[in-house]
Amino acid sequence: MAESQTSQDVVHPHPYVPRDLNLPGYIPCFLSQSNILSIYASFTISVFAVTWIFSGRLKKTTVDRLLIFWWAFTGLTHFILEGYFAFTPEFYKDNTGFYLAEVWKEYSKGDSRYAARDAGVVTVEGLTAVLEGPASLLAVYAIATGKPYSYILQFAVSLGQLYGTAVYFITAILEGDNFSTNSFYYYAYYIGANFSWIVIPSIISIRCWRKIVAAVQVQNQTKKTKVR
């Protein structure tokens, strides 16, 4: 009877583009947009508070303290949030209200390739989670302890982030760039949510490049002095 029909038998229309995207078993978000964003904002503030207090006790400069926060934040985001997406192909079927699944259901309104499991997106996110996530957390340790490989590590990971972001946007353009529910989600999620991973890695790359070049110049000058 209709009254005994289970929730799994109910067909829920999805909000994604294209409208004929086949997502069997899709379950709508349990959490509202404001709830999802407020939880993520709380996470960001918590990471900032912990890293700021921690780096302050280490007597680090303001720049290093901000870098420790960034690498902790981006590392946890890569490892946990993007890692969940990469290894949970049917997140859109989640009917428990699990937060990470809710995030990707919501974000897919800005880029439906996530719900559709686009091969390019899954590859980029998988590599980001497995490689850049742990490397970002290693950067936290390197900066905090003053390791000599700190700058080259930050430079390498930042280039990886820029490369991944470039592939992400370029593949979307080549495929028609029509994966957002509307212009709000396009600019707020697709553009806005990824903007930090263009600007900040660019700044860090330039800074690290200058630091590395300066160190090599000093080393070369020292060698010339010894030869004389």
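Helix 2 (residues 62-86) packs against helix 4 with the two axes 7 Å apart and an angle of about 150° between them. That is over 145°, so helix 2 counts as roughly antiparallel to helix 4. As for handedness, helix 2 passes helix 4 in a left-handed crossing. Keep in mind throughout that this is a predicted model.

**The overall picture**

Zooming out, the protein has 6 helices and 0 strands. Read from the N terminus, the elements go α-α-α-α-α-α. Along its principal axes, the C-alpha trace spans about 95 × 40 × 30 Å.

**How the helices pack**

Two packed helices are described by the angle between their axes and the distance between the axes. Here are the pairs side by side.

| Helix pair | Angle between axes | Distance between axes |
|---|---|---|
| Helix 2 and helix 4 | about 150° | 7 Å |
| Helix 2 and helix 3 | about 75° | 10 Å |
| Helix 1 and helix 3 | roughly 120° | within 10 Å |

Take helix 2 and helix 3, whose axes lie 10 Å apart at an angle of about 75°. That angle makes helix 2 roughly perpendicular to helix 3. On the helix 2 side, the contact is made by Ile-80, Leu-81, Glu-82, Tyr-84 and Phe-85, and they meet Leu-100, Ala-101, Val-103 and Trp-104 of helix 3.

Next come helix 1 (residues 33-57) and helix 3 (residues 99-107), whose axes come within 10 Å and cross at roughly 120°. These two helices are therefore oblique to each other. Gln-33, Ile-36, Ile-39 and Tyr-40 of helix 1 make the contact with Tyr-99, Glu-102, Val-103 and Glu-106 of helix 3. Helix 1 passes helix 3 in a left-handed crossing.

**A walk along helix 4**

Helix 4 covers residues 119-145, which is 27 residues. From its first C-alpha to its last, helix 4 reaches 38 Å, close to the 39 Å expected at 1.5 Å a residue. There is still a kink along the way: about 35°, centred on Ala-129.

Both ends of helix 4 have something to look at. At the start, a side-chain oxygen of Asp-118 reaches to within 3.0 Å of the backbone nitrogen of Gly-120. Just after the helix, Gly-146 takes a positive phi of about 70°.

Most residues other than glycine have a negative phi, and most peptide bonds are trans. A few spots in this model go the other way.

Arg-117 has a phi near 60°, a positive value in a residue other than glycine. You'll find Arg-117 in the loop between helix 3 and helix 4.

Asp-177 is another non-glycine residue with a positive phi, this time near 50°. Asp-177 belongs to the loop between helix 5 (150-174) and helix 6 (183-227).

Then there is a cis peptide bond, running from Val-17 to Pro-18 with omega near 0°. Pro-18 lies in the segment before helix 1.

How values were computed: Residues numbered from 1 in each chain as written. Predicted model: local features only at pLDDT ≥ 70, side-chain atom pairs only at ≥ 80, totals over all residues. Heavy atoms only, no water. Helix = DSSP H or I, 4+ residues; strand = E, 2+ residues; numbered from the N terminus. Expected span 1.5 Å × (residues − 1). Bend = angle between axes of the 7 residues up to and from the residue. Polar contact = N/O pair within 3.5 Å; in protein donor to acceptor, adjacent residues only side chain to side chain. Axes fitted to C-alpha atoms, helices over the stretch in contact; angles between N-to-C directions. Parallel < 35°, antiparallel > 145°, perpendicular 65-115°, else oblique. Left-handed = near helix turned anticlockwise from the far one by under 90°. Contact = heavy atoms within 4.5 Å.
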